[in-house]
Amino acid sequence: MTEPDDNEAGRRAADVPVPGPRGEGRVRRVESVVGRDSGGWRRIAQVVVGGGGVRTDGSELDEARARAVFGGSRRVVVLGCTGGAGQSTTALMLGHTFAQYRDDRVVAVDASTGGGTLTSKIEPETPETLTSLLSGLDRVSGYLTMRGYTTRTASGLEVISADTDAGAEQRLADRSFFSDRRIGESMRLLDRHYKLAVIDPAAALAARLLPYADQLVLVVPASEEAPEAVAMTYEWLDGHGCAELRRRAVMVVNGVSRRSMADVEQAESVARGRCRAIVRVPWEDDLAPGGAEVVDPGQLRAAGRRAYLALAGVVVAGFAAQTVRPSEEELASDPPGHENR
């Protein structure tokens with residue numbers, strides 16, 4: 001992999017930020033409070049820097065959090081703060097980690113379009129897609145029927161694949177097909193069959209899916225554009241009535257290396273105190289554009305695996321402070337985005 005220079009990485013939105021050389025920097029655990037929600041609830045986040053050796057202190061806590069028991073089902077929406085942030089990769093790796101460490105059924109929903117989708121990083125075992133599932137919601141009578149619409153990966157994660165044809169983007173924006181009623185029905189279906197659902201939405205669907213999220217994960221690249229991207233994303237969320245969801249969100253700084261630390265720290269200074277936790281994920285060649293075609297979590301370096309385990313633990317810990325989920329009937333009477341129309 002040829003390492004781009006800093007200016008080129010800042011210009012190319014499709015790229016994950018500049019990696020440092022392998023072995024440069026050292027993984028360390030920072031025991032410091034990085035955020036709180038409106039109720040004063042605090043959690044200590046795993047912060048991973050660099051890509052060298054790894055110490056084992058603290059990983060037991062991360063694993064215990066990731067395995068923690070909680071009632072009901074939960075939905076996690078993953079959003080990128082800018083193009084090329086690593087939204088789909090983060091959603092996939094979070095789903096893999098949940099599936100690996102929990103005995104629950106976990107599904108990742110690829111509701112995006114384009115060439116770098118979550119679906120492009122797995123080997124689909126069925127031609128069924130999100131569109132075909134939405135078209136056949138009334139025919140899903142049980143888990144075995146549901147299983148026909150998913151691909152099961154080696155980690156145990158199930159994936160509902162994205163549509164890749166030329167009309168996919170137009171269908172996502174079509175409110176007669178992706179109606180509020182149909183979206184609500186699909187969320188109830190996920191709740192019936194899966195303990196955890198990780199949702200990777202296209203930009204056209206993001207605002208409409210946020211009201212269904214129990215937890216929000218925001219992804220920002222470790223680049224010079226990160227601070228502004230964080231600020232603009234927070235402004236957008238607050239403007240769409242999601243200030244409380246934003247306060248409970250977890251911020252992922254993706255592709256961290258020693259070279260990018262100045263940008264990382266600036267981004268974190270914008271986010272700190274305005275979200276619940278910040279997790280740094282180190283640069284991984286396999287997860288970069290042009291990296292491994294099919295992502296195998298077991299092939300990641302120890303630092304990367306620990307970072308995603310920490311992310312999973314912080315997300316699950318947030319369910320303990322979860323506010324009451326709005327009922328689908330309430331959402332149907334006040335559809336997402338209604339207050340802004």
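The model is predicted. Its largest pocket holds about 1100 Å³ of space. There are also three cavities of 30 Å³ or more. Rolling a probe the size of a water molecule over the atoms shows where empty space is left.

**The largest pocket**
- The space in this pocket comes to about 1100 Å³.
- The lining of the pocket has 44 residues, and Gly83, Gly84, Gln87, Ser88 and Gly116 are the closest to its centre.
- Two or more lining residues come from each of these elements: strand 3 (74-80), helix 3 (87-101), strand 7 (196-201), helix 8 (203-209) and helix 9 (226-239).
- By type, the lining of the largest pocket has 21 nonpolar, 18 polar and five charged residues.

**The largest cavity**
- The volume of the largest cavity is about 150 Å³.
- Its lining has 14 residues, and Val109, Leu130, Ser186, Met187 and Leu209 lie nearest the centre.
- At least two lining residues come from each of strand 4 (106-111), helix 4 (130-135), helix 7 (180-193) and helix 8.
- Helix 7 gives the largest share, with four residues.
- The lining of this cavity has 13 nonpolar residues, one polar and no charged.

**Helix 2**
- Which residues of helix 2 (residues 59-67) are buried? They are Ser59, Asp62, Arg65 and Ala66.
- The buried residues of helix 2 line one face, because they fall within an arc of 125° when seen down the helix axis.
- An α-helix has 3.6 residues a turn, so residues three or four places apart point the same way.

How values were computed:
Residues numbered from 1 in each chain as written. Predicted model: local features only at pLDDT ≥ 70, side-chain atom pairs only at ≥ 80, totals over all residues. Heavy atoms only, no water. 1 Å grid on protein atoms, 1.4 Å probe; cavity = no way out; pocket = protein on both sides within 12 Å on 5 of 7 lines; lining within 4 Å. Points joined across faces, edges and corners; volume = space filled by probe spheres on them. Nonpolar A, V, L, I, M, F, W, Y, C, P; charged D, E, K, R; others polar. Buried < 20%, exposed > 50% of the residue type's maximum accessible area, 1.4 Å probe, protein only. Arc of directions from axis to C-beta.
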